[in-house]
Structures are given as structure tokens and as C-alpha cells.
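Subject: Structure for your review

Dear colleague,

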Amino acid sequence: MHSLIAFTAWLSLGQSLTSAQTQVFLPRAPDSLVAATSTLRPWLSKDARIVFPSKEEWAELQIRGSSPRISPNYNVVVEVATEADVEKTVQIAGHYGIPFLAVSGTHGWAITLNNLPFGIQINMRKLNSTTVDPRGKTATVGGGTLQHEVTRALYAKNKQAVTGLCECVSVIGPLMGGGHSMLQARHGYALDNIVSARVVLANGTAVTASETKNLDLFWAVRGAGHNFGIVTSMVLNVYDVQNWTAYVLIFTQDKIEKLFSLVNEVDAQPSRPSNMFLTGTGVRISDIDAKNPVIAYTLGFEGTEQEAAPWVAPFQALGPAVTQVATDVDYISLHTVTQNNLESTTCRRNLNIVGNGASLPSWNMSALRNAYNIFGELTADSRFNTSVFLLENYGMEGVEAVDASSTALALEERLYPVLTSPVIWWEGNDTQTTADAYAYGEKIRAALFAGMGKAKKHTYVNYAIGTESFEQIYGYEDWRVKKLKSLKRKLDPKNRFGYYNPVPAV
Ligand SMILES: Cc1cc2nc3c(=O)[nH]c(=O)nc-3n(C[C@H](O)[C@H](O)[C@H](O)COP(=O)(O)OP(=O)(O)OC[C@H]3O[C@@H](n4cnc5c(N)ncnc54)[C@H](O)[C@@H]3O)c2cc1C
């Protein structure tokens, strides 16, 4: 009986969908959720689940990387298990005027996620699968798969894909905005490695986006993807695995200028190996320096210690306080050696975290020194003393090899080799502490931007706090701005995917 009512509701929904699609999207009252979920329930696959706040599992499904600071206002969670589940949920949410937000790794930190007024969490975690194609060139990855899952599934077949670094983050979250990683110098950003994606559009239909199908959507997904649909699966390039050599060198603060001048030099060399990444973290380690944060610097090399030796030598010549080397490291263990594994402090959840990303054409020493001093003040404050300062130069050869106009990614993202951000952690819900964290983050970023001269300010969309201008995130070129906005008008006219560093329609 229940499903008969739902079926009748569904039929009338189908009939009214065309007219509903032409209306401007205005969220209706949360009480429409009850009607929507009873309409939806019979259409879901057997493994899908609808969870209301009264259920025991509710609390766990609200925990995010950065909760309580980021707490979208959900009234119900739909744990989807198939692409058809996502289609139905989006269609029915659209019909009832209910906002929704997809969740995969929960590590998004943009404050715009808090703009969800009420609505449905579309939890993607059951779309967790990785299948290598028989030729071993590509893999199909489910839209809710986390990085540690894809890494292990591929490694079992001696393969690796270009994802982000941190094991706890999803594959799709970083990828749709770029995807910076240890493999980018060789293979480009994660998004440069998408062969195709299945995308559920705002009207609730799933389509394929690729070089041959829905090319405009394929363009938009690669750089501004969070704004255009829900990805249920994607086909990614995969590569043979090799073992790594990883050096971790810890420098005291007096070495900052020498260290980052060297990084600038190495990065500018045409012979910089594409199988090498450089990345640093400003962090408090009181055993090494009781007063100031130090720089833990990693040089990772996909190859042997002998091959890496000439590249690490100039870094060692700077006199690090500590040198550690790990040789013959497999790709899974590399995430542990670089402190990006599930157990690392980086992957903590349910703790406020925020960053203020800045991408830079090169390191400017006085700007970096100023930013470092502010970071020193931040971490001397006991509320923020586990915060870190990301100082990343993963390498650009593979990134620059891709035609910048072929994806929605901002031009600056392909031109600027430096990716940096304070990553500020703190506990609790105190308004003043949150305001202080935001102010410190902005101050650090302003200090870094002050060293850019006339270069255009840019922030990686996935390191954006959500207060940046559209151009700062998505790029300044007139044609790119126009194309993005016009695709937004065409593909998501009611701005249903408008909660992650939104692309405006006008
Ligand atoms: C600990 C940590 C480590 C990080 N490491 C890296 C890194 O190594 N490289 C890098 O480039 N970035 C990195 N980032 C930034 C990261 O790219 C973003 O935080 C990203 O948004 C996280 O995605 P998520 O799925 O984990 O988070 P979520 O909060 O679940 O998702 C983020 C956004 O993506 C949308 N979304 C999720 N799933 C889908 C889907 N299937 N289809 C469409 N939209 C979807 C959500 O609606 C939301 O708007 C890191 C961030 C943190 C906090």
C-alpha cells in the first residue's frame, strides 16, 4: 500500500518534472522532507538507507573532518548505493524543492558548505569500488571511494592512480578541483587523468562526460566539478607502481631563506626530475626547537637512493637538524612515511580545521619570513599549537604538459608551482577562538600574497576558505569566466550544486 502511494506520487512527479525544471529553485519548508522521503524510499536499491536524526547512526553521519565548524544543516541522510539511487534522490529532492549536498570524504573545509539551509545529505560512501580494466591502463572508481581504498585496491594489481596525498580524503573531492599529489610532476593533476565520468546532473539524469560525450560538462567537471553534478563513478588512468626513496629533513627556522631559495632554484631547472616531489610543513617540534616552529621537509623520489642522491645533496648541505631516509618504500607505505596515512594527525576528524590557500609563482623570502613569523605566533597560542603550515612544490612538468584551455581549471593553477596554506586546528565551538583562527589564517595569506608583485592572486579551490572572489579561485581569463558561468546557467540553472565555492550563473 505504502509503495502504491509512493508510486502514484512518483508518476505525478514524472509528469510535473518538466515544468518544475523551469522554475527558479526556492527551498521549501523542511516538512516536505517527510513526503519526499516516503516517495523516495521504494525507489531505492536494497543496500541504500534513509537515516533520520532519531536513529542511532545519525551522530556518526554528521561527523566531518572539520566539525563543528563545518556543519551543513541536514534533516535526513540518504546513503545511496547505486547510480540510480543518486538519480532518484536528486529528482525527488528537486521536485519537492529540497536542497541536498553530496558527501564522500567529509574533509571539505569551505565555509560555503554551511549555507545548506536544510535538506538531504547524499552520502556517497557505499559507491566504493575500484576495478582495473583488463588491459591495465585504466580503472573505474566509485564516486564515494576514499584514497586509501583506491591505493590499496590498485596496489594489489601493481598499479597506482593520481589522487591527492591524504588517505582519508576522497578520490573525487580533490580531483574535481585539481588534485595535487606526489605523482603530479610526472602525470599531471588528478583531474588530468580522468578518462570519463558518470555525472548525475541537476535534473536527476546520469550522463557520461568524456572527450567524446558531453564535452562541455567534461570540461567543467575538471576544475569546477563540485558545482555541476554528482559523480557516481569515473574512469581514471592508472600506472605501474615503483618503489620510492623518501628523505625527511628537519630544518630550524634560521634556514628558511636558504631552504626556499634552493627550492626556487630546483623548481626552475629544466632537468628537475618528474619523478620527484618536494614538500614542507611548518610545525612545532619542541625537542628540536622549544621556541619556534621548524620546517619538516620531504624530498620524495620514485626510484633508488642512488638516483635520488644528487637531488638531495644540496638540501643536506644546508645542514638540517635531523635527516631521515627511507629506501625501497612501496606506494602504500609512502603515505605513512610522509605522514599522510589514516592514523596521521592530518587525518583527524571532528576537530575544527581551516586553511587559507595561496598559490604562488615562486617563494619570496621576505614574504615567507613574515608569514612564518605570524605562523609562529599562531602556534605559540595554546589553542592552535597543533596547526601546521603547508609549503608544497610537487612539481609541474606533467601539469604544464596539459593544454590549459582544455579544462575548467584556472590558468594560475597550471602556472604557479607553489601551493601553500596554513592549516589551523582547534577544539570546541567558541566564537572568539574561531574568529581568531580566521584572522590568523588571513594574516598569513596576506603576508604571502604581499610578495607576489603584480602576479594575480590565486587560491586552489580545495584550499579556499570560501571568502575569496570567484576569479581568485576559478581564474581571470574573460573567456573562461564567461564559459563557466554560461555552463552553470545551462546545466544547473537553479543552482542546486551551489554549496562548495560556488560558480555564479551571472
Ligand atoms: C586532511 C586533508 C588532506 C587533504 N589533502 C589533499 C591533497 O593531498 N591534495 C589535494 O589536492 N587536496 C587535498 N585536500 C583538500 C581536499 O581536496 C578538499 O578538502 C576536498 O574537498 C575533500 O573532499 P572530500 O570528499 O574528502 O570532502 P567532502 O566534504 O565529502 O566533499 C567536498 C565537496 O565535494 C562534493 N562531493 C563529494 N563527493 C562528491 C561526488 N561524488 N560528486 C560530486 N561532488 C562530490 C561535496 O558535496 C563537497 O562540496 C586535503 C584536505 C584535508 C582536510
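Which polar backbone atom is 2.9 Å from an oxygen atom of the ligand? One such atom belongs to His180. Please keep in mind throughout that this is a predicted model.

**The ligand and its surroundings**

With Tyr460 the side chain takes part: one of its N or O atoms is 2.5 Å from an oxygen atom of the ligand. On its own the ligand would expose 950 Å², and the protein buries 97% of that area.

In total, 33 residues surround the ligand, and the closest are Arg64, Ala102, Leu165, Ser170 and Tyr460. Sorted by class, this shell contains 17 nonpolar, 15 polar and one charged residues. Strand 3 (100–103), helix 6 (172–177) and strand 10 (230–237) each contribute at least two residues to the shell. Helix 6 gives the largest share, with four residues.

**The disulfide**

The whole structure has one disulfide. Cys168 and Cys347 form it, with their sulfur atoms 2.2 Å apart. The angle about the S-S bond is -85°, and the link is left-handed. Cys166, by contrast, is in no disulfide; the nearest cysteine sulfur is that of Cys347, 4.9 Å away. Cys166 is also buried, at 16% relative accessible area.

**Salt bridges**

The structure holds 20 salt bridges. One of them joins Arg49 and Glu79, whose closest N and O atoms are 2.5 Å apart. Arg49 belongs to strand 1 (residues 49–51) and Glu79 to strand 2 (residues 76–79), 30 residues apart. Arg49 is partly exposed, at 32% relative accessibility, whereas Glu79 is buried, at 8%.

Another salt bridge pairs Glu257 with Arg369, with 2.8 Å between the closest N and O atoms. Glu257 is in helix 9 (residues 256–268) and Arg369 in helix 12 (residues 365–380), so this pair connects parts that are 112 residues apart in sequence. Finally, salt bridges with shared partners join Arg49, Glu57 and Glu79 into one network.

Yours sincerely

How values were computed
Residues are numbered from 1 along each chain as its sequence is written. This is a predicted model: local features need pLDDT of at least 70, side-chain atom pairs count only at pLDDT 80 or more; totals for chains, interfaces and linings use all residues. Side-chain values use heavy atoms; hydrogens and water are left out. A residue is near a molecule or strand if one of its heavy atoms lies within 4 Å of it. A polar contact is a pair of N or O atoms within 3.5 Å; within protein, one must be able to donate a hydrogen and the other to accept it, and residues adjacent in sequence count only if both atoms are side-chain atoms. Accessible areas come from the Shrake-Rupley method with a 1.4 Å probe; for residues, only the protein chains shown count as cover. Ala, Val, Leu, Ile, Met, Phe, Trp, Tyr, Cys and Pro count as nonpolar, Asp, Glu, Lys and Arg as charged, and the others, Gly among them, as polar. A disulfide is a pair of cysteine sulfur atoms within 2.5 Å. Buried means under 20% relative accessible area, exposed over 50%, partly exposed in between (1.4 Å probe, protein chains only). A salt bridge is a side-chain nitrogen of Lys or Arg within 4 Å of a carboxyl oxygen of Asp or Glu.
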